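Reader: Hi! I'm new to this one. Could you walk me through it?
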Amino acid sequence: MSAQRKDDHVRLAIEQQDTPQGVNQFDEVSFVHHALAGLDRREVSLATSFAGLSWPVPLYVNAMTGGSARTGAINRDLAAAARESGVPIASGSMNAYFKDPSCADTFRVLREENPDGFVLANVNATATVDNVWRAIELLRADALQIHVNTAQETAMPEGDRSFAAWPGQIEKIAAAVDIPVIVKEVGNGLSRQSVQLLATLGVAAADVSGRGGTDFARIENGRRALGEYGFLHGWGQSAPACLLDAQDTGMPLLASGGVRTPLDAARALALGARAVGASGIFLRTLLDGGVDALTAQLARWLDQLAALQTMLGAPTPAALTRCDLLVHGSLRAFCADRGIDTGTLARRSSSGALRAPTTGSTR
């Protein structure tokens, strides 16, 4: 049943990619254009760092799948594209492996195809420390993702209904492992209070993983004969809302959920994310065009992100946080209700953003 559920997840996730998703709050974030703020492309680096980690790029292929023959083949191709593009990659939930060790190869292939890349193992918040170590050792993982997903579990016919122990187990796992622990939602967002709690549990970083991308409550409801949990479709906060909400917590933030373009990635970085992940859009490309198409897409995203940094005058991804941003519409209303001052975002560039001509330039 677990293997069938994993295949169902892929099928239903792709159906969502083929269906218009409605409003995406990344569209409610825009850069103030300063026409003379640009850099030379050779001055731009895509390198980022957080929680003691250094990545050559601020983009990663986020958690997707594993646990069946079909999803193992998908993981193999995802890992090959990550290897060719130098992009970090996360496994899907490894709970299937804990229940059925015979599916180990469907996850191990992420490391076999990408021996020198950055690989994250993904587990749920109920995993035992022993199982967490099994996951880390299977993938020779460089970091650990713990996913939290109460809305998905609630809609899942066979889902968990006991959530009270999750914070304590996260703390226990973080204390037991010797690699950075990143806690991520699965598409419903992390509020300021959630991130603040994670900061007390020994977690190294938080992936806000907001509403607007793959909707796992909708996926699980699609597996129900009556579809009676439709009221959970679209539950939660978007990634831009979460980044704004948690900007003063001191926790390194990653962003995923609803990222559709390199511009969305730049917006997330400008809102404070150290790196940006995507899943559904990359899965759609892989299934439509294969490894070569996904590899080309990843390379194109990185090139276009560097182009945006060049135009915006940001020599590094972190420097995007000094670019002026405007917040519009429902996202602005969210900020008002949560006590977030969006006006400071529109005025945060220094006077040096428009640089004086270099020596030898004409006036």
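Author: Happy to! First, a term: buried means under 20% relative accessible area, exposed over 50%, and partly exposed in between, with a 1.4 Å probe and protein chains only. This is a predicted model, where local features need pLDDT of at least 70, side-chain atom pairs count only at pLDDT 80 or more, and totals for chains, interfaces and linings use all residues. Residues are numbered from 1 along each chain as its sequence is written, and side-chain values use heavy atoms, with hydrogens and water left out.

Reader: Which way do the residues point from β7?
Author: A143, Q145 and H147 go one way, while L144, I146 and V148 go the other. In a regular strand, side chains alternate between the two faces of the sheet.

Reader: Which strand pairs with β7 over five bridges in the parallel sense?
Author: Strand β6 (residues 119-124) does; strands pair if DSSP finds at least two bridges between them. A121 stands opposite L144 in β7. Strand β8 (residues 181-185) also runs parallel to β7, joined by five bridges, and there H147 stands opposite K184.

Reader: Switching topic: at what angle do helices α2 and α4 pack?
Author: About 10°, with the axes of α2 (residues 69-85) and α4 (residues 105-112) 8 Å apart. Axes are lines fitted to C-alpha atoms, for helices over the stretch in contact, and angles run from 0 to 180 degrees between N-to-C directions.

Methods:
Helix = DSSP H or I, 4+ residues; strand = E, 2+ residues; numbered from the N terminus.
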